[in-house]
Amino acid sequence: MDIGGVYAGWGQIVTIAIMAIALGMDAFSLGVGIGMKGIRLLHVLQLSLLIAFFHVLMPLLGLFTGSYVGHFLGQVTTYAAGGLLVLLGGHMVFNSFRADHTRNNPVDHRNFWGMLLISLSVSIDSFSVGVSLGMFVNSIVLTVLAFGACGGLMSISGLLLGRRVSRGLGDYGEALGGGILLAFGLLFIF
């Protein structure tokens, strides 16, 4: 075995790890925001597993979609995901300052459809990453599993951190969490 092949293999592993962490950061940030709103441990597990699943599925879909369509849809989906986070964050901030606490949440992280929408919104950027994966990685399966594991673990970390912080902040925790989602959505768009 030649030494250049060993360095190339490690270089690819390091690159995949960095990409997995970068793709998982949005799950972490979203997790902090949702955790500050308040979340049960069962929902932490369910949402994190769903995010991990989409962090595996979306790069695979990107791989099979092709580069031309992927580049076009990559920008559109990034804007859509950013817009969704802006709406969700703005709604959380608005609701945190309402006098009545009978809140009407458009995306409820406690039901399946809300979890599905949230998971898809934080995993959509891995679709465009998946388009370019086939050109440079040797092991697609290892790569997408690393993306899924990192996305799931980072969402668990964010949800638990947000949950812990929200206990001390009360209603301001929801406002802060909404602000985080709002800022993150604006980063997606701009």
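Rings of Phe, Tyr and Trp (its six-membered ring) pair if their centres lie within 6.5 Å; planes over 60 degrees apart count as edge-to-face. The model used here is predicted.

**Exercise 1. Aromatic pairs**

Task: Find how many aromatic pairs this rule gives, and classify each one.

Solution: 
1. The count is 2 aromatic pairs.
2. Take phenylalanine 53 and phenylalanine 54. Their ring centres are 5.4 Å apart and their planes stand at 70°, so this pair is edge-to-face.
3. Take phenylalanine 112 and tryptophan 113. Here the centres are 5.2 Å apart and the planes stand at 70°, so this pair is edge-to-face.

**Exercise 2. Exposure of the ring residues**

Task: Is phenylalanine 54 buried or exposed?

Solution: 
1. The cut-offs are under 20% for buried and over 50% for exposed, with partly exposed in between.
2. Phenylalanine 54 has 9% relative accessibility, so it is buried.

**Exercise 3. The nonpolar cores**

Task: Describe the largest nonpolar core, then trace the contacts of leucine 47.

Solution: 
1. The largest nonpolar core holds 16 residues. Ile34, Leu47 and Leu159 have the most contacts inside it.
2. Helices H1 (3-37), H2 (41-65) and H4 (112-123) each supply at least two of its residues.
3. H2 gives the largest share of this core, 6 residues.
4. Leaving out residues up to four places away in sequence, leucine 47 touches Ile34, Met115, Ile118, Ser119 and Leu159.
5. Another core, of 8 residues, lies apart from the largest one; Ile16, Leu23, Cys150 and Met154 are among its members.

Key: Residues numbered from 1 in each chain as written. Predicted model: local features only at pLDDT ≥ 70, side-chain atom pairs only at ≥ 80, totals over all residues. Heavy atoms only, no water. Core = buried A, V, L, I, M, F, W, Y, C linked by side-chain atoms within 4.5 Å. Buried < 20%, exposed > 50% of the residue type's maximum accessible area, 1.4 Å probe, protein only. Helix = DSSP H or I, 4+ residues; strand = E, 2+ residues; numbered from the N terminus. Contact = heavy atoms within 4.5 Å. Phe/Tyr/Trp six-rings, centres within 6.5 Å; stacked < 30°, edge-to-face > 60°.
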